[in-house]
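Hi everyone, thanks for coming. Let me put the structure up, and then I'll walk you through a few things I'd like you to look at.

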Amino acid sequence: MFTGIVTDIGTVRQRDPLEAGVRLRIGTGYSPDGIDLGASIACSGICLTVVDRGRDGAGAWFDVDASPETLAVTSMADWAVGTRINLERSLTLGQEMGGHMVTGHVDGLAAIVERRAEGEMAIFTFKVPAELARFVARKGSVALDGTSLTVNAVEGDRFSVMLIPHTLAVTTWGTRQAGDHVNIEVDLMARYVARLAEADAANARTSFPTVAARA
């Protein structure tokens, strides 16, 4: 589990094909001494398991494996050596909850359709697949490339967020432009509310009132 508060920007240092999927080596500012094998790290919003870690002349690094499914539904398919990604260590008990509950299970890709300056801030407008748009609500939370953000406005399958200078400086958002695709994870509570509503509607359709027999 994560909070969507990015704590490091990693860089893909190596990409090696596996029999199924790929293995990535990611350079990081995290100390490898504090990373356990099997630990979860959110990489631009994707929860990945550390399979190796260490330090060399270029600095600290950790390795993760990605399955074909992960490559198919996230931006990882486009990551190459040199790609910069947002990183977050998994949440621990007692840690400050600065963002919102994020699982690291990416729902799909959102396309940036506009980036507009608002003073020192930036307003991004996104387009999302229709099946995800219903989970995005004004003033609700959404995780984009692993960053917990508040939705400013929603119109159909498009929504916008505003990023403050600090977020632009300490994440990969500073270099994001229209045409880029980012990983999106919708709010967990929105997903459960929608599922309960669907279940209630299905029950209503299959329930019939009892008709008393006439004497």
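Let's start with a question: which residues form one aromatic cluster? They are F124, F126, F159 and W173.

A quick word on the ground rules. This is a predicted model, where local features need pLDDT of at least 70 and side-chain atom pairs count only at pLDDT 80 or more, while totals for chains, interfaces and linings use all residues. Residues are numbered from 1 along each chain as its sequence is written, and side-chain values use heavy atoms, with hydrogens and water left out.

Back to the rings. Searching the whole structure gives four aromatic pairs; rings of Phe, Tyr and Trp (its six-membered ring) pair if their centres lie within 6.5 Å, and planes under 30 degrees apart count as stacked, over 60 as edge-to-face and the rest as tilted. F124 and F126 are a stacked pair, 6.2 Å centre to centre with 20° between the planes. F124 also pairs with W173, this time edge-to-face, at 5.2 Å and 70°. Helices (H or I, at least four residues) and strands (E, at least two) are DSSP runs, numbered from the N terminus.

How accessible is W173? Its relative accessibility is 0%, so W173 counts as buried; buried means under 20% relative accessible area, exposed over 50%, partly exposed in between (1.4 Å probe, protein chains only). F124 is buried too, at 0%.

Now zoom out to the largest nonpolar core, which has 22 residues. By a nonpolar core I mean a set of buried Ala, Val, Leu, Ile, Met, Phe, Trp, Tyr and Cys residues joined through side-chain atoms within 4.5 Å. Those with the most contacts inside the core are F124, F126, L144, F159, W173 and I184. Among the elements giving two or more residues to this core are β7 (108–118), β8 (121–127) and α2 (130–133). Apart from this core lies another, of 21 residues, including V12, V22, L48 and M76.

Last stop, the backbone. S44, in the loop between β3 (40–43) and β4 (46–56), has a positive phi near 50° and is buried at 3%. D145, in the loop between β9 (141–144) and β10 (147–155), also has a phi near 50° and is buried at 0%.

Thanks, and I'm happy to take questions!
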